[in-house]
Amino acid sequence: MDRNRKLLISILALLVLSAVIAIVDISMNMQQKRSAAISLRGPQFGPGVGIVRIEGPIQMAGAASPFGGMRGAESVIRRLDDLERNSDIMAVVVRINSPGGTVGASQEIYEKLWKLRKNKIHLVASMGEIAASGGYYVASACDYIVANHGTITGSIGVIAVSPNIRRLFEKIGIDMNVIKSGRYKDILSSFRDINPEERRMIQEIIDSSYRKFLKDVAKGRSMSESDIAPIADGRVLSGEAALRYKLVDQLGTFEDAIDKARQMAKLSEDAPVYEDAGSPFEQLMFGMKQVFGGGSVLERNIRGLEDEGAAMIEYRYRP
Amino acid sequence: MIVTELKLLRWADLFLNALIDPRALYRQIARREPKAFALSFVVPAAVAAFNILTLSLLGKETGFFYYKITYGWILVFLYEALIALLSAALMDMAAQFFGYRGNIRDFITLVNFSLFPKIFILPLVYIFRIFNFAPLFFYTFFSMALLVWSALIAIQAISEMQPAGLGRATLIYLFPLLLVGTVLFFMFILLVICGVGYLAG
């Protein structure tokens with residue numbers, strides 16, 4: 001038995017030796033990979049930059065995720081809340097790819113960002129394809145704005161759109177029965193003409209929202225309202241033109257924005273970036289829903305028409 | 001006392017018997033010379049460490065390894081130990097169902113020692129990794145082969161323990177797999193129904 005025991009000890013010793021060699025081998029491979037700048041996936045920790053994404057039209061709450069999550073401005077605010085509470089977050093990059101949206105939702109996001117800015121969390125806005133109207137309004141709450149050369153931005157203004165289909169209804173012989181409690185209850189109705197008094201009332205709201213827009217952009221950009229007013233006529237601008245008018249601070253990419261955020265927060269060049277991502281399972285299921293369960297083209301168009309039919313006052317670029 | 005026990009090398013017989021004579025392994029466990037219960041957990045711990053090393057060696061970024069090897073090792077060890085405990089409990093239940101005496105402690109010790117061949121995955125795969133000759137294929141192949149070896153050890157030891165024929169011992173060994181397989185099957189069916197419902201909506 002002693003001989004067998006010695007044999008086993010030898011086998012165990014060889015196993016330990018192979019483990020040691022493997023550790024050295026893997027460590028060397030790891031060094032090579034690091035020097036070749038291949039990023040290794042793994043748990044991230046320590047002070048870093050948080051990412052918030054604002055995609056598509058800004059509205060208060062989109063359809064709730066089937067996993068209990070929220071979409072729309074509420075989800076952005078919740079994400080900002082999480083980042084604010086996280087002591088590792090020294091800076092936030094707000095990635096914007098939006099033509100704007102409703103006044104209330106845009107203002108909620110602006111105010112939340114402004115609160116973070118006051119709490120000394122460095123905010124950098126990164127504009128994607130489009131960050132116009134409400135998209136720009138939100139960006140202006142950040143300390144620093146990075147836009148691509150070809151980003152569509154600007155469109156500072158307020159709009160309310162309501163289709164008038166009265167004549168179409170007359171042609172096909174449809175009358176709408178409207179029972180209302182006050183003369184203005186169906187203001188901006190699609191089934192009748194708007195009268196001058198109603199137009200004046202809506203214009204007042206538009207003007208008030210516009211003044212707020214201008215004031216907040218001026219505050220965010222540390223400029224005077226009179227400096228912004230000449231270009232705040234609803235015009236859209238390219239990223240390059242926006243830089244010329246000082247609506248943005250730098251031309252660059254999303255990566256440039258992250259680098260700038262690290263620099264502003266005095267973080268190291270490889271400080272971790274905390275992405276705004278749901279669980280892989282949630283992403284997969286949501287992706288599949290878009291592909292398989294998004295409804296027919298007609299259904300989607302009807303949904304679109306429903307959206308268009310609802311008159312809203314918006315900070316939105318509507319080409 | 002522990003040092004004396006280590007010097008006596010009686011513990012080595014447990015590992016040796018696991019490889020060459022599983023029936024003798026059970027007899028030694030039953031004699032409690034040396035006490036093998038606590039020692040048996042060294043096996044899943046070593047298997048976990050060797051498994052992580054092998055996967056890392058194959059280029060899989062095991063994440064934990066690159067940052068803190070201890071975290072990954074502890075996690076995989078806990079997983080292996082939990083599986084061993086659950087399997088042993090279910091095997092004990094199956095043995096009692098067949099009318100044998102229940103002995104959960106010995107079952108746990110047995111299942112732990114039966115994992116011992118899995119430790120050879122590292123040197124076996126390393127050879128193919130050095131020559132870069134389909135290491136991933138051989139990792140899968142050896143994993144399966146070592147699993148079968150491990151199963152054979154457990155079945156023979158169970159057969160000695162109860163005592164039961166190899167057929168009954170195989171049934172006792174496979175019972176956890178069958179049970180978990182059935183549960184997973186029904187879970188999969190329910191998940192598919194939920195998924196289809198969600199996608200259709």
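**View 1. A:Ser222 sits in the loop between α6 (196-221) and α7 (225-228) of chain A.** This is a predicted model, as are all the views that follow. The phi of A:Ser222 comes out near 55°, which is a positive value in a residue other than glycine. Is A:Ser222 buried or exposed? A:Ser222 counts as exposed, because it has 8 C-beta neighbours inside 10 Å and the cut-off for exposed is 12 or fewer.

**View 2. A:Ser155 is another serine of chain A with a positive phi, near 55°.** Look for A:Ser155 in the loop between β6 (152-154) and β7 (159-160) of chain A. How many other C-beta atoms lie within 10 Å of A:Ser155? There are 27 of them, so A:Ser155 is buried; the cut-off for that is 20 or more.

View 3. Chain A has 11 helices and 11 strands, while chain B has 11 helices and zero strands. Reading along the sequence of chain B, you get α-α-α-α-α-α-α-α-α-α-α. Of the 319 residues in chain A, 29% count as buried; for the 201 residues of chain B, the buried share is 36%. Now take the contacts between residues at least 6 apart in sequence. In chain A, 75% of these join residues at least 24 apart. In chain B, 65% of the contacts with a separation of 6 or more are between residues 24 or more positions apart.

**View 4. Helices α2 (residues 10-20) and α3 (residues 22-31) of chain B cross at roughly 150°.** Their axes come within 6 Å, and the crossing is left-handed. Which residues meet here? From α2(B) come B:Asp13, B:Leu14, B:Asn17 and B:Ala18, and from α3(B) come B:Pro22, B:Ala24, B:Leu25 and B:Gln28. Sort the residues of this contact by type and you get five nonpolar, two polar and one charged.

**View 5. Staying with α3(B), this view picks out its buried residues: B:Pro22, B:Leu25, B:Tyr26, B:Gln28 and B:Ile29.** They cover an arc of only 160° around the axis, so they end up on the same side of α3(B). What covers these buried residues? The cover includes α2, α8 and α10 of chain B. Just past the end of α3(B), B:Arg32 takes a positive phi of about 60°.

**View 6. Helices α8 (residues 104-114) and α10 (residues 135-161) of chain B pass each other with their axes within 8 Å.** The axes cross at roughly 150°, which means α8(B) is roughly antiparallel to α10(B). This crossing is right-handed, whereas that of α2(B) and α3(B) is left-handed. On the α8(B) side, the contact is made by B:Asp106, B:Leu110, B:Val111 and B:Ser114. On the α10(B) side, look for B:Ser150, B:Ile153, B:Ala154, B:Ala157, B:Ile158 and B:Met161. By type, the residues of this contact split into seven nonpolar, two polar and one charged. Both of these helices are among the elements that cover the buried residues of α3(B).

**View 7. B:Pro163 is found in the loop between α10 and α11 (166-200) of chain B.** What is the peptide bond from B:Gln162 to B:Pro163, cis or trans? The bond is cis, with an omega near -15°.

**View 8. Helix α9 (residues 121-130) of chain B has both buried residues and exposed ones.** The buried residues are B:Ile121, B:Leu122, B:Val125, B:Tyr126 and B:Arg129. Why do they share a side of α9(B)? They cover an arc of only 120° around the axis, and that puts them on the same side of the helix. Turn to the face away from the buried side and you'll find the exposed residues B:Ile127 and B:Ile130. After α9(B) comes B:Asn132, whose phi is positive, near 50°.

Terms used. Residues numbered from 1 in each chain as written. Chains lettered and ligands numbered in written order. Predicted model: local features only at pLDDT ≥ 70, side-chain atom pairs only at ≥ 80, totals over all residues. Helix = DSSP H or I, 4+ residues; strand = E, 2+ residues; numbered from the N terminus. Contact = placed C-beta atoms within 7 Å. Arc of directions from axis to C-beta. Axes fitted to C-alpha atoms, helices over the stretch in contact; angles between N-to-C directions. Parallel < 35°, antiparallel > 145°, perpendicular 65-115°, else oblique. Left-handed = near helix turned anticlockwise from the far one by under 90°. Nonpolar A, V, L, I, M, F, W, Y, C, P; charged D, E, K, R; others polar.
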